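Let's take a walk through this fold, from its pockets to its nonpolar cores. Have the sequence and the structure open side by side.

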Amino acid sequence: MMSNETSTNAGVAPTASTSGSVARVVEALDAAGIDAEVRHFDESTRTAADAAAALGVLQAQIAKTLVFLADGAPIIVVMGGDDRVDTEALGAALDGATIGRADADSVRSGTGFAIGGVSPAGLPRGLTVLVDRSLSEVGELWAAAGTPKSVYRTSYGELLSVTGGREGSVGQR
């Protein structure tokens with residue numbers, strides 16, 4: 001572990017120093033049967049580039065969780081840190097929905113997480129989640145764990161499991 005980080009294990013009760021958002025992520029991982037260690041950093045892991053730098057991994061290994069509005073309702077796209085969402089492909093994957101960007105208030109109200117800490121684990125039930133197929137080609141992945149300074153190691157299969165999401169191809173490089 002790097003000197004600028006601490007950890008919280010899934011399967012272990014969160015401590016008083018663990019934020020409510022991280023506790024929600026740990027509980028969701030536990031409920032999905034995923035044994036993951038949440039790593040907390042002094043520096044920001046808010047962006048895919050920040051997280052990759054803090055972890056010493058490739059940006060493609062960061063599974064970023066993005067919020068869009070589909071016909072005004074929040075939806076989630078989980079995709080590689082070095083990819084962008086093709087909003088036309090996303091709209092087509094959602095039966096022709098009109099896609100728009102979510103502002104900070106929409107992100108918080110739709111997910112319960114602040115921008116920069118939106119985790120694929122611990123999302124409210126009923127949200128539509130698309131996990132981009134390109135992530136299946138990457139072995140070790142890292143995702144936000146509820147705050148802009150925490151992440152956990154995961155895999156493509158675990159992302160599908162913890163989100164209840166479906167596969168999609170909506171990315172562009």
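Which strand gives the largest share of the lining of the largest pocket? Strand 3 does, with 7 residues.

## Ground rules

This is a predicted model, where local features need pLDDT of at least 70, side-chain atom pairs count only at pLDDT 80 or more, and totals for chains, interfaces and linings use all residues. Residues are numbered from 1 along each chain as its sequence is written, and side-chain values use heavy atoms, with hydrogens and water left out.

## The largest pocket

A pocket here is an open set of points on a 1 Å grid over the protein atoms alone, where a 1.4 Å probe fits, with protein on both sides within 12 Å along at least five of seven lines; lining residues have an atom within 4 Å of a point. The largest one holds about 640 Å³ of space, a volume being the space filled by probe spheres set on the points, which are joined across faces, edges and corners. Of its 29 lining residues, Arg 46, Lys 64, Thr 65, Leu 66 and Ile 115 are the closest to the centre.

Helix 2 (48–55), strand 3, strand 5 (84–85) and strand 8 each put at least two residues into this lining. Helices (H or I, at least four residues) and strands (E, at least two) are DSSP runs, numbered from the N terminus.

## The second largest pocket

This one has about 270 Å³ of space. Its lining includes Arg 24, Ala 28, Pro 120 and Val 129. Helix 1 and helix 5 are the elements that give two or more residues to it.

## Nonpolar cores

A nonpolar core is a set of buried Ala, Val, Leu, Ile, Met, Phe, Trp, Tyr and Cys residues joined through side-chain atoms within 4.5 Å; buried means under 20% relative accessible area (1.4 Å probe, protein chains only). The largest core has 30 residues, and Leu 29, Val 78, Leu 135, Tyr 152 and Leu 159 have the most contacts inside it. Helix 1 (20–31) and helix 5 (156–163) are among the elements that supply at least two residues each, and helix 1 gives the most, with 5. Apart from it lies another core of 12 residues, including Phe 68 and Leu 90.

## Around strand 7

Strand 7 (128–132) is mostly covered, with 4 of its 5 residues buried. Strand 7 pairs with strand 4 in the parallel sense over 4 bridges; strands pair if DSSP finds at least two bridges between them. Val 129 in strand 7 stands opposite Ile 76.

Strand 10 (residues 166–168) also runs parallel to strand 7, joined by 3 bridges. There, Glu 167 is the bridge partner of Val 131.

Note on methods: Buried < 20%, exposed > 50% of the residue type's maximum accessible area, 1.4 Å probe, protein only.
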